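Dear colleague,

Please find the structure below. My notes on it follow.

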Amino acid sequence: MLAAAATADNSGGIIDAEGHYHDTHSAKVHEGVWPLLAYTTKNADIKVIIIERDEDFDEDFNELVLEDLAHAKSILTTAREYRKVASV
């Protein structure tokens with residue numbers, strides 16, 4: 001049941017030559033994940049969002065993770081405001 005979810009794990013990965021997505025935790029969060037997170041946070045009281053990154057720690061690693069965190073925070077803030085208004 002989605003409403004019972006408390007955490008959301010997000011990670012990046014790669015798309016292979018055949019178009020299949022592999023959740024490798026080795027890249028920025030894939031753009032297709034953000035709409036799913038928005039839907040989830042509007043429909044469940046998510047308390048924690050985890051950005052997973054297990055490899056490929058390039059020079060711009062900190063910048064990329066901070067971008068992902070800012071995006072996740074924005075989505076969560078919007079969802080909380082939506083749920084607050086919807087519950088009135």
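Two strands pair if DSSP finds at least two bridges between them; strands (E, at least two residues) and helices (H or I, at least four) are DSSP runs, numbered from the N terminus. This is a predicted model, in which local features need pLDDT of at least 70 and side-chain atom pairs count only at pLDDT 80 or more, while totals for chains, interfaces and linings use all residues. Residues are numbered from 1 along each chain as its sequence is written, and side-chain values use heavy atoms, with hydrogens and water left out.

Strands β1 and β4 run parallel and are joined by five bridges. Ala8 stands opposite Ile49 in β4. Ile49 and Ile51 point to one face of β4 and are buried (under 20% relative accessible area; exposed is over 50%, partly exposed in between; 1.4 Å probe, protein chains only).

Helix α1 spans residues 33–43, and its Val33, Trp34, Leu37, Thr40 and Thr41 are buried. They lie on the same side of α1 because they cover an arc of only 120° around the axis, taken from the directions from the helix axis to the C-beta atoms. Pro35, Leu36 and Tyr39, on the other side of α1, are exposed. The cover over the buried residues of α1 includes β1 (7–11), β4 (48–52) and α2 (61–86), with contact meaning heavy atoms within 4.5 Å.

Met1 sits in the segment before β1 and counts as exposed, at 86% relative accessibility. Met1 and Ala44 are 43 residues apart in sequence and 9.3 Å apart in space, C-alpha to C-alpha.

Regards
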